[in-house]
Amino acid sequence: MSTALDVKRDLYSFGLIGFPLGHSLSPQIHAAALQALGLNGEYKLLPVPPSPSPRGRGNGAEGKTLYKLENVLEQLRAGELRGLNATIPHKQSVIPLLDALTPTAKAVGAVNTIFRDGELLVGDNTDAPGFWADVQQLVKSREREADHHALILGAGGSARAVAYALLTNGYFVTIAARKSEKAHQLTDQYSVFRGQLAASDMNDWPASISHSSLIVNATPVGMFPHVDHSPWPEGVPFPEHASVYDLVYNPRETLLTRQARAAGLPATTGLGMLVEQAALAFKRWTGLEASREVMMKAVEGQP
Ligand code: NAP
């Protein structure tokens, strides 16, 4: 058992595996949480190319130290690292290398947080509960019991986590993707929620829009540097009683959130979800509650 003093002496070494990693806010978020708790530690970016590696110039690997997935996991197993986050392209590829999954990671089929439980390496998904915690702030004053209809734009990794969070909390969900087969794949994955879930084609804008109470952008459309793009189709009015959640957080205000507010709807970007998923991962790794406020302050003004 660690005493409080032992904990202070420990080095809390965390890392993020992904490729390419580019500019991540996670090091600042976790450094702020560690500092506020008086703990020593660091959060390293660990670029792990997919296997086989992408070739040629502009593959994101120039001049960077690259790591192997197996080796990084070995460091975690050996206690040299205390926790890992995983992002694209490893949220699924890491699963066969782990010993166990939490029920959420198993249901979503993706891992963004890895921790050690005794001898075991366990994969968790904190994106789903992170989204749920933050979206409730947005919809709490807006929704009535009968209004739980969500429209999710996109059918990738984060759409799966968002859909799971909404479905398990009683929402009816429509997935709209630019390739409808991707939307159908997602609905097939959640066949246990059959009566609550529909797939749709973004090009054939879904009829269910008008009674959506929540619209979630789970595509990268509007993300820097393409800040003048919006996933919402021109000329289509927003549903009158909806709230709009954009998972994109760079920039802090997107064209979509500005369009929604101009139509009188409450809207937010995804920085709150980023902080929530980080705080839940931090708890997994340390057993300690991180201050969301401190984490948010560390990145609010950052590009
Ligand atoms: P992903 O797995 O690559 O999925 C992206 C989805 O968006 C796919 O369905 C893709 O369709 C669709 N898409 C891409 N470009 C599109 C376009 N121009 N028009 C219509 N659809 C398009 O990515 P992800 O991990 O889900 O991430 C999506 C966004 O969420 C990113 O901006 C990411 O930064 C953000 N995110 C934020 C948080 C947070 O904490 N706030 C967490 C996770 C992700 P195709 O399959 O046809 O390409």
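A backbone N or O atom of Leu274 lies 3.3 Å from an oxygen atom of the ligand in this predicted model. On its own the ligand has 930 Å² of accessible area, and the protein covers 76% of that area. The space that the ligand takes is the largest pocket. Helix H7 (157–168) and helix H10 (271–286) are the elements that each give two or more residues to the shell around the ligand.

**Ligand surroundings**

- The ligand is surrounded by 21 residues, of which the closest are Ala155, Ser158, Arg178, Lys182 and Gly270.
- Ala155 places a polar backbone atom 2.9 Å from an oxygen atom of the ligand.
- Arg178 instead uses its side chain, a polar atom of which lies 2.9 Å from an oxygen atom of the ligand.

**Glu276 in helix H10**

- Helix H10, one of the elements named for the ligand shell, also holds Glu276.
- Glu276 has a relative accessibility of 15%; because the cut-off for a buried residue is under 20%, Glu276 counts as buried.
- Setting aside residues up to four places away in sequence, Glu276 touches Gly130, Ala133, Asp134 and Arg292.

- Helix H2 spans residues 26–36, and its buried residues are Ser26, Ile29, His30, Ala32, Ala33 and Leu34.
- An α-helix has 3.6 residues a turn, so residues three or four places apart point the same way.
- After H2 comes Gly38, which has a positive phi near 70°.

**Cis peptide bonds**

- Ile88 and Pro89 are joined by a cis peptide bond with an omega of about 10°.
- Pro89 belongs to the loop that runs between strand S3 (83–86) and helix H4 (90–93).
- A cis peptide bond also leads from Phe224 to Pro225, where omega is near 5°.
- Pro225 is located in the loop between strand S10 (214–217) and strand S11 (243–246).

**Ser230 in the loop between S10 and S11**

- Ser230 is likewise placed in the loop between S10 and S11.
- The relative accessible area of Ser230 is 19%, so the residue is buried by the criterion of under 20%.
- A polar atom of the Ser230 side chain lies 3.1 Å from the backbone nitrogen of Trp232.
- The side chains of Ser230 and Gln259 form a polar contact at 2.6 Å.
- Apart from neighbours within four places in sequence, Ser230 is in contact with Val221, Leu255, Leu256 and Gln259.

**Thr102 between S4 and H5**

- Thr102 occupies the loop between strand S4 (100–101) and helix H5 (103–108).
- With a relative accessible area of 8%, Thr102 is buried.
- Beyond its neighbours within four places in sequence, Thr102 is in contact with Phe115, Val122, Gly123, Asp124, Asn125 and Arg284.
- Thr102 and Thr65 are separated by 37 residues in sequence, and their C-alpha atoms are 31 Å apart in space.

Terms used: Residues are numbered from 1 along each chain as its sequence is written. This is a predicted model: local features need pLDDT of at least 70, side-chain atom pairs count only at pLDDT 80 or more; totals for chains, interfaces and linings use all residues. Side-chain values use heavy atoms; hydrogens and water are left out. Helices (H or I, at least four residues) and strands (E, at least two) are DSSP runs, numbered from the N terminus. Buried means under 20% relative accessible area, exposed over 50%, partly exposed in between (1.4 Å probe, protein chains only). Contact means heavy atoms within 4.5 Å. A residue is near a molecule or strand if one of its heavy atoms lies within 4 Å of it. A polar contact is a pair of N or O atoms within 3.5 Å; within protein, one must be able to donate a hydrogen and the other to accept it, and residues adjacent in sequence count only if both atoms are side-chain atoms. Accessible areas come from the Shrake-Rupley method with a 1.4 Å probe; for residues, only the protein chains shown count as cover. On a 1 Å grid over the protein atoms alone, a cavity is a set of points where a 1.4 Å probe fits but cannot get out, and a pocket is an open set with protein on both sides within 12 Å along at least five of seven lines; lining residues have an atom within 4 Å of a point. A molecule sits in a cavity or pocket if more than half of its atoms lie within 2 Å of its grid points.
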